Amino acid sequence: MKALPFNLVFWGLFSIFVPATNLIIYLETKAYIYDDVAQTPEVETALIPGAAITQSGSLSPIFRDRVDKAVELYKAKKVSKILVSGDNSTDSYNEVNPVR
């Protein structure tokens, strides 16, 4: 019976914390999000955060979108370099090489 109040408090706080955190992140970063490549300021490097690759070694849809956008920025001369990060924790799994 004592667990019930704890669970209610925990999930109540959790249900407030997650949306509040998302809202804060959105409000603090919206000035740095561009819908159009032409509006994007020129910078030296585009960073592509790693994402999953399939078992066949191809890029996941979200990773493909990130790579495509970085290439678009490069071709528009908005960036001069592309830096790809990703997991390479085992010999059989490498998120960076498929992007090359």
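Close-up 1. The model is predicted: local features need pLDDT of at least 70, side-chain atom pairs count only at pLDDT 80 or more, and totals for chains, interfaces and linings use all residues. Residues are numbered from 1 along each chain as its sequence is written, and side-chain values use heavy atoms, with hydrogens and water left out. The side chain of Lys69 meets that of Glu72 in a salt bridge, at 3.0 Å from N to O. A salt bridge here is a side-chain nitrogen of Lys or Arg within 4 Å of a carboxyl oxygen of Asp or Glu. Helices (H or I, at least four residues) and strands (E, at least two) are DSSP runs, numbered from the N terminus. Glu72 is also partly exposed, at 36% relative accessible area.

**Close-up 2. The salt bridge between Arg64 and Asp68.** The closest N and O atoms of this pair are 3.4 Å apart. Both residues belong to helix α2 (residues 61-75), and because they are four residues apart, about one helical turn separates them. Arg64 is partly exposed, with a relative accessible area of 38%. Asp68 counts as partly exposed, with 38% relative accessibility.

**Close-up 3. The salt bridge between Glu44 and Lys81.** Here the closest N and O atoms are 2.8 Å apart. Glu44 sits in the loop between α1 and β1 (45-48), while Lys81 is in strand β2 (residues 81-84), so the pair ties together parts that are 37 residues apart in sequence. Glu44 is partly exposed at 49% relative accessibility, and Lys81 is partly exposed at 44%. The structure holds three salt bridges.

**Close-up 4. A nonpolar surface patch that includes Val18.** Phe6, Phe10, Trp11, Phe14, Phe17 and Val18 make up this patch of about 660 Å². Patches consist of residues with over 30% relative accessible area and no salt bridge; like charges are joined within 9 Å, and nonpolar side chains (Val, Leu, Ile, Met, Phe, Trp, Tyr) within 5 Å. Accessible areas come from the Shrake-Rupley method with a 1.4 Å probe, and for residues only the protein chains shown count as cover. Val18 is part of helix α1 (residues 3-29). Its relative accessible area is 32%, so Val18 is partly exposed.

Note on methods
Buried means under 20% relative accessible area, exposed over 50%, partly exposed in between (1.4 Å probe, protein chains only).
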